[in-house]
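Walk through this fold from the whole chain down to single contacts.

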Amino acid sequence: LPPTLLSRFDLIYLILDAPNVDNDRMLGQHLVGLYYETPNVVEPPLDHGLLRDYIAYARENIHPELSDLASRELISAYIEMRRGGSHGNGGRGRTISATPRQLESLIRLSESLARMRFSRVVTRTDVREAVRLMKVATQAAATDPRTGRIDMDMITTGRSTLERELEENLGASLKELLIERRGNRMSVSEIRRTMEELLNTQIQQEDLTEVLRMFEADGLVQYSERSQTVFVRAGVVG
């Protein structure tokens, strides 16, 4: 799903298909059992019709309102989630761990939990459970594996703050290199090696290719993917 659509979900769960002998056996027995002459299907603990009516009644008739305690708990939880953001030097490098959209999600989740109980009042317990669900779901999906920090940009834009900053630094440094090499042809491997030395970090091939294509669209270089070379146009300026 694109980030613009993914960011609209209140909860996002990462489901990992990790091998487990017991779970795999149970799933295999269930799937094979469906093809028996008399399907071996486990009866659900709650009748489907009853569950459908329960949900329909709750949607139609139960409209919970926030209590004062629940409101204060929501504000406190939102502030605490915002504190999870990190700051870089001079305010740069800040990662957003929560946005107003996450607060709205917490409100909807809290109301839904109260509606499940046929309660017309959202309690502090509902809010705490909503916060727990968001932490184990959405924020787990938004954890940057490079830093271990929660970064909602991974959901809203599809890229972490660190990745975006690395691209900006790569673009600025590469442009300085191109200014020095105006009118010359360079290999992509040479550019990558030079950038890694300048930035003191490993540059992914796809990241470098993306920046080169952007520069080509701006008329700064002529990039040949076949020969993996770059011709720097004479008109490159800082």
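The protein chain has 11 helices and five strands. Both are DSSP runs numbered from the N terminus: helices are H or I with at least four residues, strands are E with at least two. This is a predicted model, in which local features need pLDDT of at least 70 and side-chain atom pairs count only at pLDDT 80 or more, while totals for chains, interfaces and linings use all residues. Residues are numbered from 1 along each chain as its sequence is written, and side-chain values use heavy atoms, without hydrogens and water.

Of the 238 residues, 30% count as buried, meaning under 20% relative accessible area with a 1.4 Å probe, protein chains only.

Now turn to strand 4, residues 221-224. Val221 and Tyr223 point to one face and are buried.

Strand 4 runs antiparallel to strand 5 (residues 229-232), and four bridges join them. Strands pair if DSSP finds at least two bridges between them. Ser224 stands opposite Thr229 in strand 5. The two strands form a hairpin with four residues between them. In the turn, Gln228 has a positive phi of about 55°.

Asp10 sits elsewhere, in the loop between helix 1 (3-6) and helix 2 (21-33). Its C-alpha atom is 8.7 Å from that of Arg101, 91 residues apart along the chain. The Asp10 side chain makes polar contacts with the side chains of Ser105 (2.7 Å) and Arg108 (2.6 Å). A polar contact is a pair of N or O atoms within 3.5 Å; within protein, one must be able to donate a hydrogen and the other to accept it, and residues adjacent in sequence count only if both atoms are side-chain atoms.

Conventions: Buried means under 20% relative accessible area, exposed over 50%, partly exposed in between (1.4 Å probe, protein chains only).
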